Amino acid sequence: MKSEQPQPPRMQQTMPEDGGGWHHVNAGLHLHIMFHPNRQLLGREADGIVRPSIMVAVAGKREQALLFDPFSVGSHYHIRPSLRGKQLPLWVEEGQKPLDIALAFFEKPLRFRGLLSQAEERNAASLVDDADLTRAARQIRELDATAGKKSAA
């Protein structure tokens, strides 16, 4: 008979602090959203890949519920990201921008609520306001456009 080894608990990823390129996004009372226009991992060689990231937590919690990584290459997202977390592809067709594909979740609130429910945040999913999600998507686009202008200068 084979005994099952206990699995180590998954290390839940936490939200970043303001600063270091992270921007707080106004997403209403029930969500805490942070956006980084080009998050580079420490010690990583420059490779020309643009790495925007959107982290979502329920207000009052430090643990991420969702993480969107609409990178210029290898675009994906995570539900309940952990150090060993599974990456789910963001299917980007030719001519589409990965960030637009990620923000479609915000602009179609039922899809966003579905992801929150999968992240075991059903209560928050039922409280999120559609207008807050639309406003958050618009703010992320503005922050991304501002970052693009700074890097082009």
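I began with His24, whose bridge partner in β2 is Met34. I then looked up the pairing around them and found that β1 and β2 run antiparallel over 3 bridges, where two strands pair if DSSP finds at least two bridges between them; strands (E, at least two residues) and helices (H or I, at least four) are DSSP runs, numbered from the N terminus.

I noted that helix α1 (residues 98-107) packs on the sheet and touches β2, β3, β4 (66-69) and β5 (76-79), contact meaning heavy atoms within 4.5 Å. The direction of α1 makes about 20° with that of β3, with axes fitted as lines to C-alpha atoms, for helices over the stretch in contact, and angles running from 0 to 180 degrees between N-to-C directions.

The model is predicted, with local features needing pLDDT of at least 70 and side-chain atom pairs counting only at pLDDT 80 or more, while totals for chains, interfaces and linings use all residues. Residues are numbered from 1 along each chain as its sequence is written, and side-chain values use heavy atoms, leaving out hydrogens and water.

I next turned to Arg39, which lies in the loop between β2 (31-36) and β3 (53-58) and is buried at a relative accessible area of 18%, buried being under 20% (1.4 Å probe, protein chains only). I found its side chain in polar contact with the side chain of Ser53 at 2.8 Å and with that of Asp69 at 3.0 Å; such a contact is a pair of N or O atoms within 3.5 Å, one able to donate a hydrogen and the other to accept it, and residues adjacent in sequence count only if both atoms are side-chain atoms.

Notes. Buried means under 20% relative accessible area, exposed over 50%, partly exposed in between (1.4 Å probe, protein chains only).
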